[in-house]
Amino acid sequence: MTAFVESAVEAGVAPEAGVRQPRVVPYDFRRPSKLSREHVRLLQIAYESFARRLGTVLTSTLRQVCVVSIREISQANYEEYVLSLDTHTLVVPLNIPTLSSTGVLEFSLETALASVDHMLGGPGGEQPIRNLTDIENSLMRGLLEQMVGALSYSMEQICPMIANVGMIEYNPQFVQAAGATEPVVVGRFDMTVGTVSCTMTLCLQLASLLPKLIAHRQREEDESSRLAASETAQRVRERLGEVPVDVTFRFSPVELSSTKILSLAEGEILHLPHRVGVALDVQAGGVTFAKAIAGRSGSQLAALIVHTQGEHT
């Protein structure tokens, strides 16, 4: 096990106000991360949308100012995730049939009790840490279903995520959502309900989520390539429209034998088989694209386009 520094800020230099501090993150080279920057970016966008929507849902339901923001997204194994949680907290398994897996939503019991108190018209604030009663459990399940609905809405761009709320637990060790060594994606959120704040975590199995992230990334790349090809074709058409092209007006050809051609003399007249009133061929690069009638425009010879043709092969 070793570590790396996220930003190259030399030690001993006083950081400026508001500048992000360098953070040392443990990294196990025996278990390299399978989440690329692109995958994390996709999840970041989805989780930011989830945080904003969840803040709105909690505010309208609890009638209190509630704020939720994404803190970080990381990869760990399930055992590490469970050990990072408090031993007495609110843990909810999420059955996700669209991913064929189980996720976990977790936040502090104090926040859960304060939310229930707000739903019952109370002031919220600090609460004694205890398990929920049957009535409180029913109220909390209704709130959890709204929270999961916000998650489903925010993740639909990556994959359809229809999650069912399982039985509320209070000890993370009792929730077996994955194997101990199975890799998971952990999203940590800062959640404030009225005057109570906590860290909310969302755990999803990496094995079921990663193919969806890869497929979404591929769709983005395909769409980007298609748009780039369309823009390139449009620019080519626009530029080709400005290129000057020599245009010729062609009479019907005259057939001559080799002997006649070799015996031609200066001043000799050849009779053209082109009848008066028959349209001339308008050609560019040897391709006929229109018909025209010969005439004059003032003192200059001219031709009147009378018919255009489609594509020629």
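## Close-up views of a predicted model

View 1. Arg 63 counts as exposed because its relative accessibility is 71%, where exposed means over 50% relative accessible area, buried under 20% and partly exposed in between (1.4 Å probe, protein chains only). This is a predicted model, in which local features need pLDDT of at least 70 and side-chain atom pairs count only at pLDDT 80 or more, while totals for chains, interfaces and linings use all residues. Residues are numbered from 1 along each chain as its sequence is written, and side-chain values use heavy atoms, with hydrogens and water left out. Arg 63 sits in the loop between helix 1 and strand 3 (66-77); helices (H or I, at least four residues) and strands (E, at least two) are DSSP runs, numbered from the N terminus. Its phi is positive, near 55 degrees, and Arg 63 is a residue other than glycine. You can find this residue just after helix 1.

**View 2. Ser 100, a positive phi between two strands.** Look for Ser 100 in the loop that joins strand 4 and strand 5. Ser 100 is not a glycine, yet its phi is positive, at about 55 degrees. With 68% relative accessibility, Ser 100 counts as exposed.

**View 3. Helix 1 and helix 4 cross.** The axes of helix 1 (residues 37-62) and helix 4 (residues 134-155) come within 8 Å and cross at roughly 150 degrees. Each axis is a line fitted to C-alpha atoms over the stretch in contact, and angles run from 0 to 180 degrees between N-to-C directions. This crossing is right-handed, that is, the near helix is turned clockwise from the far one by less than a right angle. The contact residues divide into 14 nonpolar, four polar and one charged. Here Ala, Val, Leu, Ile, Met, Phe, Trp, Tyr, Cys and Pro count as nonpolar, Asp, Glu, Lys and Arg as charged, and the others, Gly among them, as polar.

**View 4. The lengths of the two helices.** At 1.5 Å a residue, helix 1 with its 26 residues should span 38 Å, and its end C-alpha atoms, 36 Å apart, agree with that. The expected span is 1.5 Å times one less than the number of residues. Buried residues of helix 4 include Glu 136, Met 140, Leu 144 and Met 147.

**View 5. Inside the largest nonpolar core.** A nonpolar core is a set of buried Ala, Val, Leu, Ile, Met, Phe, Trp, Tyr and Cys residues joined through side-chain atoms within 4.5 Å. The largest one here has 53 residues, and those with the most contacts inside it are Leu 94, Phe 107, Met 140 and Met 200. Helix 1 supplies the largest share of this core, nine residues. Another core lies apart from it, with twelve residues, among them Tyr 78, Val 82, Leu 85 and Val 91. What does Phe 107 contact, leaving aside its neighbours within four places in sequence? Its partners include Leu 90, Ala 112, Met 140, Leu 144, Met 191 and Met 200.

**View 6. Helix 3, mostly covered.** Eight of the eleven residues of helix 3 (residues 109-119) are buried. Among them are Leu 109, Ala 112, Leu 113, Val 116 and His 118. They pack against helix 1, strand 4 (90-96), strand 5 (101-107), helix 4, strand 7 (183-193) and strand 8 (196-205). After helix 3 comes Gly 121, with a positive phi near 90 degrees.

**View 7. Arg 130, between helix 3 and helix 4.** Arg 130 belongs to the loop between these two helices. Is Arg 130 exposed or partly exposed? Its relative accessibility of 31% makes it partly exposed. Not counting residues up to four places away in sequence, Arg 130 touches His 88, Leu 109, Leu 113 and Glu 136.

**View 8. Phe 249 in strand 9.** Phe 249 lies in strand 9 (residues 248-250) and is partly exposed, with a relative accessible area of 39%. Setting aside residues up to four places away in sequence, Phe 249 touches Leu 280, Asp 281, Val 282, Ala 292 and Ala 303.

Technical notes: Contact = heavy atoms within 4.5 Å.
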